[in-house]
Amino acid sequence: MGIVAGLDSSSAFTRIIVCDADTGAVLRQGYAPHPVEAKATDVDPQVWLLSLGEAASGGLLEGVQAIGVSAQQHGLIPLDSAGGPVRPAMVGNDKRAQAAAADLVEAFGGRQAWAEAVGSVPQAGLPVSKLRWLARNEPEAARRTSLVLQPHDWLVWQLLGRPARRTTDRGAASATGYWSAGTGSYRPDLVELALGHEAALPEVLGPADAAGTTPEGLLISAGTGETMAAAFGLGLGTGDAVVSLGATGSVMAVHHEALTDPAGMITSFADATGMHLPVVHTLNAVRALRGTAEMLGVEDLSELSALAMKSTPGASGLVLLPYLEGERTPHLPHTAGTLTGLRRESMKPEHLARAAFEGMLCSLADALDVLRGRGVVVRRVFLLGQAAELPAVQAGAPAIFAAQVVVPQPADYAARGAARQAAWALGAAQGTLDPHTPPSWQGAAAQVFEAGEELAVGQAVRQQYAATREQIHPGAFNP
């Protein structure tokens, strides 16, 4: 069918991969860092274009027929009536809008009202919260805001030469806080509630739709957010979940419908294929491992893992509730971590190390059970993040999650997902692919781990953890 490209503009760099449209085989790739401080919260969006140009240099895109764009989620680019930024872009990891988010929750009638309206409850990172912050802290910029875009929307618009038509996709739109994955429509009243007046929003395209074609004839697909692009690049389908192990944790799964959660624990994203990606976040994952390593005086997580493997499942009765920064799932924002089961025989470094890994995995299993409790089928769990390579994680995860565990080889899955979307849009435009069926590309290379005979042991560990959680925080999941 030809050659396509996928572009991933993350918070720190631009990655471009060029692929065979039929097989997904990577033909060549480019990379360039963003010329900004990694921790900057206000960014001139032009630097993303500069990085894109550098990554695409040297004829990288020669012969490419279509390109897909993935970009960091939750960023906000407020534009005036002429299409110029009224201020620098506010990036996704900006936490200034925390008070604004709480203000919005109260103003609209509480967490349940938000969950029912758009499938998510405002958090500091969401664009809707950033709009509220803008209205409260930079009223002149807010007054001049006529159009609101996210990074992926803005990049697509720029690549097409800033046409009158501005577009996004359902995946990126579902991460705004003012578009509902359940109804497939915007809530302009929530934009007005946050910003103080109406603002134009980009048209939401379908998964195989094209945003347009450049004067040079390059087709630009709808694009999407990084989370949705990575899921598409991994080849996720019904029955698959992803557990991301960062300082914080997240669990998402492919599901056939949007989920409304009155407690606000589930964020209802749409995916890049027409399905849904309900997500549950935890505030503590690898940070619990790093804290334990520091307490024990071990140098890195590999050493902590080796120490944990000297213990046995159940950690000789030690249980760590890893709520070191409070917790979001369950909703315990003001709590702290708890270590229980201390006896003379359990007070050994290897048992504490084991309890840290088991506590982290059990906390994520709790998040997984929030989805399972709403009818989400989970047969395979993809583990992402550097900690996924640790033997102590791989040994405990299958039995604790009660599912097959897949650890994909590190790769640029967001860029791959963007390229796969480009191939889909190209095929749909040429009439060679069904607009409702994405191209079949080979799945990610991965290690696969089964629970096997350890399943009963893993479930005993979970029961020990759950009993401790219920004793310390009774009714945490059933307030």
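Two strands count as paired if DSSP finds at least two bridges between them. The views below show a predicted model.

**View 1. Strands β13 and β14 form a hairpin.** Strand β13 covers residues 210–213 and strand β14 covers residues 219–221. The two strands run antiparallel and are joined by three bridges. Within this pairing, I220 of β14 lies opposite G212. Five residues separate the strands, and in the turn G217 has a positive phi of about 95 degrees.

**View 2. Seven strands make up an open sheet with mixed pairing.** The strand order is β18-β19-β17-β16-β22-β23-β24. The edge positions are taken by β18 (266–270) and β24 (446–449); each has a single partner strand, so one side of each has no neighbour in the sheet. From one strand to the next, the twist averages 25 degrees.

**View 3. Strands β22 and β23 run parallel.** Strand β22 spans residues 378–384 and strand β23 spans residues 404–408, with three bridges between them. V405 in β23 is the bridge partner of V381. L383 touches V405, V406, V407 and P408, among others. Further contacts of L383, leaving aside residues up to four places away in sequence, are with V243, L245, A388, V393, A397 and F401.

**View 4. The largest nonpolar core has 58 residues.** In soluble globular proteins, nonpolar side chains tend to be buried together. Inside this core, the residues with the most contacts are L245, L383 and F401. Helix α12 contributes the most to the core, with 14 residues.

**View 5. Helices α12 and α13 pack at an angle of about 35 degrees.** Helix α12 covers residues 349–372, helix α13 covers residues 391–401, and their axes are 10 Å apart. The crossing is right-handed. On the α12 side, the contact is made by F357, E358, M360, L361, C362, L364, A365, L368 and R372. On the α13 side, A392, V393, G396, A397, I400 and F401 take part. By class, the α12 and α13 contact has 12 nonpolar residues, one polar residue and two charged residues.

**View 6. Helices α4 and α8 pack with their axes 7 Å apart.** Helix α4 spans residues 127–137, helix α8 spans residues 188–195, and the angle between them is about 35 degrees. From α4, the contact takes in V128, L131, R132, L134 and A135. From α8, the residues are L190, V191, L193, A194 and L195. The α4 and α8 contact contains nine nonpolar residues and one charged residue, with no polar residue.

**View 7. Helix α6 is mostly covered.** Eight of the nine residues in α6 (residues 151–159) are buried. They are P151, H152, D153, W154, L155, V156, W157 and Q158. Just after the helix, G161 has a positive phi of about 85 degrees.

**View 8. G458 is part of helix α15.** The helix runs over residues 455–472. G458 has a relative accessibility of 5% and therefore counts as buried, the cut-off for buried being under 20%. A399 and I400 touch G458, when residues up to four places away in sequence are not counted. The C-alpha atom of G458 is 13 Å from that of A355, although the two residues are 103 places apart along the chain.

**View 9. A cis peptide bond joins T329 and P330.** Omega for this bond is about 5 degrees. P330 belongs to the loop between β20 (319–321) and β21 (338–340). Most residues other than glycine have a negative phi, and most peptide bonds are trans.

**View 10. A315 and A402 have positive phi values.** Phi is near 50 degrees at A315 and near 55 degrees at A402. A315 sits in the loop between α11 (301–308) and β20, whereas A402 sits in the loop between α13 and β23. With 0% relative accessibility, A315 counts as buried. A402, at 37%, counts as partly exposed, because that class lies between the 20% and 50% limits.

Terms used
Residues numbered from 1 in each chain as written. Predicted model: local features only at pLDDT ≥ 70, side-chain atom pairs only at ≥ 80, totals over all residues. Heavy atoms only, no water. Axes fitted to C-alpha atoms, helices over the stretch in contact; angles between N-to-C directions. Helix = DSSP H or I, 4+ residues; strand = E, 2+ residues; numbered from the N terminus. Left-handed = near helix turned anticlockwise from the far one by under 90°. Contact = heavy atoms within 4.5 Å. Nonpolar A, V, L, I, M, F, W, Y, C, P; charged D, E, K, R; others polar. Core = buried A, V, L, I, M, F, W, Y, C linked by side-chain atoms within 4.5 Å. Buried < 20%, exposed > 50% of the residue type's maximum accessible area, 1.4 Å probe, protein only.
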